[in-house]
Amino acid sequence: MSTSSSAQAAINPFWPSAEMASTSVEEFHTVLSSSTRIMALCGAGLSAASGLETFRGAGGMWRNYQATALATPEAFERDPGLVWLFYSMRRHKALQAKPNMGHYALAELSRKMPEGFITLTQNVDGLSQRANHPRPQLKLLHDSIFDIKCFDCDYREMNNFDDPYHPSLANHTPEEVNDRLVNTVTARAALLDPATPPAIPRSELPHCPSCKDGLLRPGVVWFGESLPEETLEEADDWVNSGPIDLCLVIGTTATVYPAASYVDIARSRGARIVVINMDREELGSAKNLRDGDFLFEGDASKILPEILKPIIGDLDEEALRANEGGK
Ligand code: BJW
Ligand code: ZN
């Protein structure tokens, strides 16, 4: 057992390269103090401590196949009511949830570094916004679950927090919804079986006020759809406007593209990669950690306030919560 981790990696390509990264908060503080351009890529794990489920990985109730089964335009075309129930449940949970200290820490870092810090988030739950994250420094790669758009035309409505969004989604208990979405072979087969009756008749679902015929849908980015062009441009402008010192990869498996590619892009601009995750096994594009990188294993809501302390100071949780941003 005396073989070093570097030697292990050399002789065994499957040895987690995470072993090469530093786990020292003290060392990180030294690097942080000389960093002037920092980016963060966030995923569902950032909101886990707020009680929201992740998509994959430990503790996630929505497994990979469920993402591909429900977060696609094809699933919506097949059974729009089922997909709406899934998003209706998630809208409800997100509205009930509170931002955690990880969201607040990133928001405070943004205020301390108005030019030098940008957050690219894959999350659609609105919790960073409610933590008063300065909006110009927060890029919503997968848009928002509180936006609504038409499946057929360009109609779009921003920041609709109605819960339920539409009367047709009201008479379903969370248990009924979970029964339909449960992660079982039977549920999957039912979803794919054309004989399965639709969860809610199409005529009862919300229709577009503009084109009248199209169905309204959650304004998030599904698999196979393009990410919001302007958001990508803004993110790319920041990334391309200078070298990057640090790339914080927070609570994401970094497996969904193009979001995951920002880790490689940051690396190519000189960044050290800093992973903050409960689990070191599934790190996607952030898996090839090297000397000089950092790995902080654990809950992002606890780790972020700690590792960012030299810049953000001690956060006053009570005051921050008292000033929670509107929905
Ligand atoms: C904790 C924690 C705690 C837990 N503290 N940590 C290049 C290569 C291969 C494929 C492609 C490619 N380019 C494009 C593709 C196709 C596709 C794709 O990436 N597929 C992959 C599966 C391979 N990408 C797309 O289709 C994208 N569109 C696109 O590229 O358009 C152009 C194009 C079109 C067609 C063809 C080609 C190009 C769109 C992707 C949209 C993804 N949408 C979703 C749903 C959004 C709406 C919704 O919320 O429902 O986005 S899927 C889902 O995955 C969601 C998430 O944002 C995203 C990422 O998940 P995330 O956040 O990483 O969550 P998890 O669960 O995976 O991870 C949680 C992590 O937290 C875990 O690591 C835990 O350990 C950790 N954790 N508790 C810290 N307390
Ligand atoms: Zn329409």
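Student: What share of the contacts between residues at least 6 apart in sequence joins residues at least 24 apart?
Tutor: In the protein chain, 73% of them do. Contact here means heavy atoms within 4.5 Å.

Student: What should I know about the source?
Tutor: This is a predicted model, where local features need pLDDT of at least 70 and side-chain atom pairs count only at pLDDT 80 or more, while totals for chains, interfaces and linings use all residues. Residues are numbered from 1 along each chain as its sequence is written, chains are lettered from A and ligands numbered from 1 in the order in which they are written, and side-chain values use heavy atoms, with hydrogens and water left out.

Student: How many helices and strands are there, and what makes a run count as one?
Tutor: The protein chain has 14 helices and 9 strands. Both are DSSP runs, numbered from the N terminus: helices are H or I with at least four residues, strands are E with at least two.

Student: Why are helices H6 and H12 called roughly parallel?
Tutor: Helix H6 spans residues 101–112, helix H12 residues 300–307, and their axes cross at roughly 30 degrees. Angles under 35 degrees count as roughly parallel (over 145 is roughly antiparallel, 65 to 115 roughly perpendicular, the rest oblique). So H6 is roughly parallel to H12. The axes come within 7 Å. Axes are lines fitted to C-alpha atoms, for helices over the stretch in contact, and angles run from 0 to 180 degrees between N-to-C directions.

Student: Which residues make the contact between H6 and H12?
Tutor: H6 brings Met 101, Gly 102, Ala 105 and Leu 106. H12 brings Ala 300, Ser 301, Leu 304 and Pro 305.

Student: How many of the residues in the contact of H6 with H12 are nonpolar, polar or charged?
Tutor: There are 6 nonpolar, 2 polar and no charged residues. Ala, Val, Leu, Ile, Met, Phe, Trp, Tyr, Cys and Pro count as nonpolar, Asp, Glu, Lys and Arg as charged, and the others, Gly among them, as polar.

Student: What makes Glu 108 and Lys 112 a salt bridge?
Tutor: The N to O distance is 3.4 Å. A salt bridge needs a side-chain nitrogen of Lys or Arg within 4 Å of a carboxyl oxygen of Asp or Glu, so the pair qualifies. Both residues lie in helix H6, 4 residues apart, about one turn of the helix. The whole structure holds 15 salt bridges.

Student: Why does Glu 108 count as buried?
Tutor: Its relative accessibility is 14%. Buried means under 20% relative accessible area, exposed over 50%, partly exposed in between (1.4 Å probe, protein chains only). So Glu 108 is buried. Lys 112, at 45%, is partly exposed. Over the 327 residues of the protein chain, 51% count as buried.

Student: How do you know that Arg 280 and Glu 297 form a salt bridge?
Tutor: Their closest N and O atoms are 3.1 Å apart, so the pair passes the cut-off. The pair links distant parts of the chain, 17 residues apart. Arg 280 sits in the loop between strand E8 (272–277) and strand E9 (294–297), and Glu 297 in strand E9. Glu 297 is partly exposed at 42%.

Student: Is Asp 314 buried or exposed?
Tutor: Exposed, because its relative accessibility is 63%. Its salt-bridge partner is Lys 309, at 3.4 Å, N to O. Lys 309 has 32%, so it counts as partly exposed.

Student: Why is Thr 119 called buried?
Tutor: Its relative accessibility is 0%, so it counts as buried. Thr 119 lies in strand E2 (residues 117–121). Beyond its neighbours within four places in sequence, its contacts include Ala 40, Cys 42 and His 133.

Student: Which value of omega goes with the cis peptide bond from Asp 163 to Pro 164?
Tutor: Omega is near 0 degrees there. The bond from Tyr 257 to Pro 258 is cis too, with omega near 5 degrees.
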